[in-house]
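Subject: Structure handover

Hi,

Here is the structure I promised to pass on. Have a look at it first, and then read on for what turned up.

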Amino acid sequence: MNNRNIDVHCHFFNAAFGFNELLEAGWRLLHGDYPYKSNELLKAKALPVTTRKVVGYVKYIASLLVTAARSSQANYDYEQDCYAKSQWHPLQPIITVPLMMDIFFAFDNGSRQQRKTRLEALPAAERKTAIAPASVSEREIPTFDEFAEKMKNMVIEEYKRQAARKSVAGMYTPKSALPVARELDRMIATFKAEAMPAMATKGLPSGGNVQMTRGYKKHLKELKALRKKNPDTVFPFLAVDPRRIGIEKLVRDQVVRGSFHGVKLYCPLGYLPSHPDLYPIYKLCIKHHIPVTAHTSPGGFPSQCSNIRTLSRKKDGTVVPVVFDKKTFEATHPVKKGEKAQSLFFANPENWTEVIESDGLDTLHINFAHFGGQEDIKKYVAGSADPTNWTARIIGLMNRFKHVYADISFCPDDDMLQAIDAIVSRHPIVEERLMFGTDFVMLMIDKIGLRNYFNQYTGIKPRMMTANPQAFLRYIK
């Protein structure tokens, strides 16, 4: 790494990743095999895939089609080009840390796992009769072609709406939806060819001891190839969700022994960092010096469920159930424009206290991505005394634990450099722990040009570009 600048938080996934996950999640929902096949967990009720159920997913995929239609390699090349042409006038390429995303569990409300636990407690003779039949008959389930066509049309219509009102500098946007329709048809054909015949009844194979959904597997392979081609400038992080079967094995194979450099958690999709299935991974991270980045802002792409059941492990080792109810939460926590209730609940940095205070986990290298979010950063600078301010909470964790970091990815306002300087003047620890990040490709969705983002941060304190991310990434030279 030497002393080259580092973008510690970027993304190179594209619309193909999202659309593949939509097809697989939707098809499994129709057959009662979501999020797992029936031989992985006990079969649950099949569900109709309604417009209301997938609308958030569809909007997300359409936004990627508008702004992130390139391949991972092309997105990497685009970032390097924007950086080279920026006001930083660099002499060397920027080092990138592309973070994988795992959106497959966006429809999972935790009820299936809870049902499995209840059934396992029953005597074997009673389990069969306790399994509910599918609520949608086979005759009501559409063919895969019908289902895929419906999803394609929904994405295209949403794409048209978004493309009509968005124009992002430097990003290619087709003048019509025809190229998009062709690309979606190609994705469907590839998906169908690779999935048959298992797809007809039980969803896609999980890959043995590890569940490898189509989009997840595709993006994993792309990042491995990108790392192999650019070993000095690409250090990818593996997306980890405790609900994915075999996730500990994936971390061992892809991070401990493989091409990935760290672990990425995206808790707004419906789990807490204190989920008990994450603790074996944290122990691996400490043993093998693996850094962890966690989404910590009130926005983003959250779970599409309004009611979510999950688990949390306390620092004394006890495991307790946790229930999120959107209506109840919003009654006591006002949700402002741009915020998501699921993000406010699951991404709160305070949730990490139980983890870091657990025996042996205080040396975990954690990056609280987005530093709590741009609005909380600005409120903190303005003198907010709100103890729940996420930026304040992260600074508190920095003061308590020597391996807590944060990045300022997706903080695009013009006055952010001044805000950071103001915070550093009050809390010198921030100068030692804050890191630069872009959040490309996500920042393109909100019409923020990547070169503009680099230009905006011209003059950022040098150690936030080099020494701090090197220390977080466990590479100091």
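This is a predicted model: local features need pLDDT of at least 70, side-chain atom pairs count only at pLDDT 80 or more; totals for chains, interfaces and linings use all residues.

**The overall picture**

The protein chain has 477 residues, and 57% of them are buried. Its secondary structure comes to 22 helices and 10 strands. If you take contacts between residues at least 6 apart in sequence, 80% of them join residues at least 24 apart. Thr67 belongs to helix H2 (residues 51-67) and is buried, with a relative accessible area of 2%.

**The sheet**

Six strands form an open sheet with parallel pairing, in the order E3-E4-E5-E8-E9-E10. Which strands are at the edges? They are strand E3 (237-240) and strand E10 (434-435), each of which pairs on one side only.

Starting from the E3 end, four bridges join E3 to E4, and the two run parallel. Val240 has Leu265 in E4 as its bridge partner. Within E4, Gly262 and Lys264 point one way while Val263 and Leu265 point the other way, and all are buried.

Is E9 covered on one face or on both? On both: Val404 and Ala406 on one side, and Tyr405 and Asp407 on the other, are all buried.

**The cavity**

Searching the whole structure for cavities of 30 Å³ or more gives one. How much space lies in the largest cavity? About 50 Å³. Its lining consists of Met100, Met101, Asp102, Ala239, Val240, Asp241, Lys264, Leu265, Tyr266, Leu269 and Tyr271. E3 and strand E4 (262-265) each supply at least two residues of that lining. The bridge partners Val240 and Leu265 are both among the lining residues, if you want a place to start looking.

**The cores**

The largest nonpolar core has 139 residues. Those with the most contacts inside it are Phe19, Leu238, Leu265, Trp352, Phe371 and Tyr457. Helix H1 (residues 15-31) gives the most to this core, with 10 residues. Apart from this core lies another, of 12 residues, among them Ile6, Met435, Ala471 and Phe472. As general background, nonpolar side chains in soluble globular proteins tend to be buried together.

- Tyr34 and Pro35 are joined by one, with omega about 0°; Pro35 is in the loop between H1 and H2.
- Phe440 and Val441 are joined by another, with omega about 10°; Val441 is in the loop between E10 and helix H19 (442-445).

There are also positive phi values to look at in residues other than glycine:

- His370 has phi near 80°. His370 lies in the loop between E8 and helix H15 (374-381), and is buried, with a relative accessible area of 5%.
- Phe410 has phi of about 55°. Phe410 lies in the loop between E9 and helix H17 (416-426). Is Phe410 buried or partly exposed? Phe410 counts as partly exposed because its relative accessibility is 24%, whereas buried would need a value under 20%.

Over to you!

Terms used:
Residues are numbered from 1 along each chain as its sequence is written. Side-chain values use heavy atoms; hydrogens and water are left out. A nonpolar core is a set of buried Ala, Val, Leu, Ile, Met, Phe, Trp, Tyr and Cys residues joined through side-chain atoms within 4.5 Å. Buried means under 20% relative accessible area, exposed over 50%, partly exposed in between (1.4 Å probe, protein chains only). Two strands pair if DSSP finds at least two bridges between them. On a 1 Å grid over the protein atoms alone, a cavity is a set of points where a 1.4 Å probe fits but cannot get out, and a pocket is an open set with protein on both sides within 12 Å along at least five of seven lines; lining residues have an atom within 4 Å of a point. Grid points are joined across faces, edges and corners, and a volume is the space filled by probe spheres set on the points. Contact means heavy atoms within 4.5 Å.
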